[in-house]
Amino acid sequence: MLLVRVGKASRHKPMTNDSKKSESSVRAMKSANKAAMTAAESTEQREDTKGNAGTATTRRTQSRESVSSGLARVRQLAKEQPKLRFTALMHHLTADLLRQSYFWLKRNAAPGVDGVTWEAYGGEQLDERLADLFARVHRGAYRALPSRRKMIPKPDGRERPLGIASLEDKIVQRAMVEILNEIYEADFLGFSYGFRPGRGQHDALDALAYAITRTPVNWILDADLRAYFDTVSHDWLIRFLEHRIGDPRVIRLIRKWLQAGVMDGLNLIATTKGTPQGSVISPLLANVYLHYSFDLWIHRWRKKHASGNIVVVRYADDIVVGLQHYTDANALKSQLETRLATFSLTLHPEKTRLIEFGRWADERRRKRGDGKPEPFGFLGFLHICAKSRKGYFQLRRQTRPDRMRITLQAIGEQLRKRMHQSVEEQGRWLQSVVRGYFAYHAVPTNFPALCTFRYRITRLWRHVLSRRSQNAYTTWRTMSAIVKTWLPTPRIIHPWPGERFAVNHPM
């Protein structure tokens, strides 16, 4: 396999005739491994991810500096040469990139085991601290600290462990993500949406809705990976990374983060598998792992083995596959279990479902005497087979009741802590919370859920105001005036999925 060094000197050194002939001969010897692997989702009718990776991804920072030309060269080589291993990447982790990474971090994020916040790390000594961090990283003296474990409630009543990295670990990880994105954005396939530049949750939701309503989808495989972030094999992950990364310093740095351990209270827990869910680099590593273990496999499978239409949408470890024929769906489910087991992954037996769904599912089930098609959840929404006012098929997306309940519980706890604040202070806080909730959930067909959410917020707020003192009872007339002043009115702000999908992915 060809090894290449991407360095600064090579960009400025003029090429002689001999070197040009040598380079052309080397390129002629390379074989494209994506000749039979177009990155675009076949049902999405979009450009390949190769084309997406070649577009400008320059980001504005506080210093208003552009992405370095060195990273642009990495992006170009990754796009042009799919089998290229990058043997010199560490020099792209510069002091300027570390500074940009610091300003890219969230200001109010929880501190790690070091107890250092974003504000405390900055200030007049920021440049000195970043210079010291840069020197430690490049001379090998940098040591990753354990992540601080924090438990987050899940909709099913269980808790999800999050790993909160120290601030310096976040800075270095964010810089490394910036470098590695230039490589892997040329590799990732079109149906992968999670935690990628220029892609979001609503892009994945639009792609899924478009596929269900515009293509022959009769069955849905709702695949749930059991404890995905906790079961990722470190050995397989490193092997996957080494397909593209030949710089041992980068691999060594990633190993440090994987093996740093987790602090649960005062106990240090060694990590022999998994990636800390919540760390800056964890989403990219998760995408790399699933790219090789799932994406490439299912892309080949649907071309070689499927007899009908298959559409795939993946957001991190949330996977939904739409299929035309039951035989394909049943075969895919059994073979997927075997494929994932090879890489230490398992499907959750209770949450993974194969259900009849689509434009003709309700009619077929009615003829057989079965009930209505089962809904399935994806990215916080229930997807339901419904009909429009004119009697046509309509994919109804509704906020999951369990997710709404958890959100309301968290808001109620915060309101009780703010009980003795003024109505204006409470109103400003609730206004931002409700506006943020609507920004995500205000999709077509979800208007009743928005009204329900606002009404329950009103009840919670009235309950808190009425408990401030013995004479603080708040009537509904008074509460209506307060709510009208502070809480946003429910309205749909997202377009229909087909409209936005057509704009983002023109024919």
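By class, the residues around the largest cavity are eight nonpolar, four polar and one charged. In that count Ala, Val, Leu, Ile, Met, Phe, Trp, Tyr, Cys and Pro are nonpolar, Asp, Glu, Lys and Arg are charged, and the others, Gly among them, are polar.

Some ground rules before I go on. This is a predicted model, where local features need pLDDT of at least 70 and side-chain atom pairs count only at pLDDT 80 or more, while totals for chains, interfaces and linings use all residues. Residues are numbered from 1 along each chain as its sequence is written, and side-chain values use heavy atoms, with hydrogens and water left out.

Back to the cavities. A cavity here is a set of points, on a 1 Å grid over the protein atoms alone, where a 1.4 Å probe fits but cannot get out; a lining residue has an atom within 4 Å of a point. Grid points are joined across faces, edges and corners, and a volume is the space filled by probe spheres set on the points. How many cavities of 30 Å³ or more does this rule give? The count is two.

The largest cavity holds about 70 Å³ of space. It is lined by 13 residues, and the closest to its centre are Ser147, Gln173, Trp257, Pro276 and Ser279. Helix H8 (167-184), helix H12 (248-258) and helix H13 (282-304) are the elements that give two or more residues to this lining.

Now the sheets. Strands of a sheet pair through backbone hydrogen bonds, either parallel or antiparallel. I call two strands paired if DSSP finds at least two bridges between them.

Strand S9 covers residues 318-323, and five of its six residues are buried, so S9 is largely enclosed by the rest of the structure. Buried means under 20% relative accessible area, exposed over 50% and partly exposed in between, with a 1.4 Å probe and protein chains only.

Which residues stand opposite Val321 of S9? In strand S5 (residues 219-224), which pairs with S9 over six bridges, the residue is Leu221. In strand S8 (residues 310-315), which also pairs with S9 over six bridges, the residue is Val312. S8 and S9 form a hairpin with two residues between them, and Ala316 in the turn has a positive phi of about 55 degrees. At S10, the pairing with S5 runs over four bridges, and Asp222 has Arg353 as its bridge partner there.

The other sheet is open too, with three strands in the order S11-S12-S13 and antiparallel pairing. Strand S11 (376-378) and strand S13 (393-399) are at the edges with a single partner strand each, so one side of each has no neighbour in the sheet.

Strand S12 (residues 381-387) pairs with S13 over seven bridges. Along this pairing, Leu382 stands opposite Gln398 and Ala386 stands opposite Gln394. The hairpin of S12 and S13 has five residues between the strands, among them Gly391, with a positive phi near 90 degrees.

Arg75 is in helix H4 (residues 69-80). Is Arg75 buried or exposed? Buried, with a relative accessible area of 15%. Its side chain makes a polar contact with the side chain of Glu182 at 2.6 Å. A polar contact is a pair of N or O atoms within 3.5 Å; within protein, one must be able to donate a hydrogen and the other to accept it, and residues adjacent in sequence count only if both atoms are side-chain atoms.

Leu450 belongs to helix H18 (residues 447-466) and is buried, with a relative accessible area of 0%. Leu450 and Ile492 are 42 residues apart in sequence, and their C-alpha atoms are 8.9 Å apart in space.

Notes. On a 1 Å grid over the protein atoms alone, a cavity is a set of points where a 1.4 Å probe fits but cannot get out, and a pocket is an open set with protein on both sides within 12 Å along at least five of seven lines; lining residues have an atom within 4 Å of a point.
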